[in-house]
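Reader: Hello! I'd like to go through this model with you, one question at a time. Could we start with how the parts pack together?

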Amino acid sequence: MDSSTDQIRDIPEDHPRTGVAGRMLDGLAHLCIMVSGVLLVFLIVSFGWLVFGRYVLNNTPTWVEQSSLLIVVYITCLGAAAGVRHNTHLSIDMVREALPAIPRTIMCHLADLFVLVFGGFMAWQGSILMMDNTTRAIPMIGLTESWRAAPLAICGVLMVVFAGANIVERLTHKTRV
């Protein structure tokens, strides 16, 4: 059985994940997944239009490639942020799970702390990229390059919030790690 599934089942009713803040964070992560799903559908439809335009109409839509690159960045970043909240990222936890409870908990805190620092750096640098690229246009779609950097800043902020919440939840309640 998946360890993240075990964690969710072992959460007591008074745990922060079941409180207002926990439900809001879970809702935010769910919103990230929903937006990613809608964007994925749009990506598939746009590639269908590309193939239809190229081979049936003999008129290739030029906007599909650039919009697809932009959409993939949003899908990836929003999915990565939701993965931090749901603890669904790929990890090798064989060593951690073999340790006693205290070192295992410390390793979980360290992992979340690294994600928190990385998310902060990502938000900071992503916002710098956004501000520096407000005048450069993405070819073929007319948006500024800031739209391409925005998911980095958004994902970074979400990663900081979600990793911080994971640490707080682990510190305030005794749950199985």
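**Helix packing and aromatic pairs**

Reader: What should I know about the model and its numbering before we go on?
Author: Residues are numbered from 1 along each chain as its sequence is written, and side-chain values use heavy atoms, without hydrogens and water. The model is predicted, and totals for chains, interfaces and linings use all residues, whereas side-chain atom pairs count only at pLDDT 80 or more and local features need pLDDT of at least 70.

Reader: Which pattern does the protein chain follow along the sequence?
Author: Helices (H or I, at least four residues) and strands (E, at least two) are DSSP runs, numbered from the N terminus. The protein chain has six helices and zero strands. Read along the sequence, its pattern is α-α-α-α-α-α.

Reader: Are H5 and H6 roughly parallel or roughly antiparallel?
Author: Axes are lines fitted to C-alpha atoms, for helices over the stretch in contact, and angles run from 0 to 180 degrees between N-to-C directions. Helix H5 (residues 101-132) packs on helix H6 (residues 146-172) at about 155 degrees, with the axes 7 Å apart. Under 35 degrees counts as roughly parallel, over 145 as roughly antiparallel, 65 to 115 as roughly perpendicular and the rest as oblique. H5 and H6 are therefore roughly antiparallel.

Reader: How many nonpolar residues does the contact of H5 with H6 have?
Author: Ala, Val, Leu, Ile, Met, Phe, Trp, Tyr, Cys and Pro count as nonpolar, Asp, Glu, Lys and Arg as charged, and the others, Gly among them, as polar. In the contact of H5 with H6, two residues are charged and 10 are polar. The number of nonpolar residues is 20.

Reader: How is H3 oriented relative to H6, roughly parallel or roughly antiparallel?
Author: The axes of helix H3 (residues 63-86) and H6 come within 8 Å and cross at roughly 5 degrees. That angle makes H3 and H6 roughly parallel.

Reader: By what distance are the C-alpha atoms of Val-73 and Ala-150 separated?
Author: Val-73 lies in helix H3. Buried means under 20% relative accessible area, exposed over 50% and partly exposed in between, with a 1.4 Å probe and protein chains only, and Val-73 is partly exposed at 25%. Along the chain, Val-73 and Ala-150 are 77 residues apart, while their C-alpha atoms are separated by 9.4 Å.

Reader: Which type of aromatic pair do Trp-49 and Phe-52 form?
Author: Rings of Phe, Tyr and Trp (its six-membered ring) pair if their centres lie within 6.5 Å, and planes under 30 degrees apart count as stacked, over 60 as edge-to-face and the rest as tilted. The whole structure holds two aromatic pairs. In the pair of Trp-49 and Phe-52, the centres are 5.7 Å apart and the planes 35 degrees apart, which makes the type tilted.

Reader: And which type do Phe-121 and Trp-124 form?
Author: Phe-121 and Trp-124 are three residues apart in helix H5, so about one helical turn separates them. With 5.7 Å centre to centre and 70 degrees between the planes, their pair is edge-to-face.
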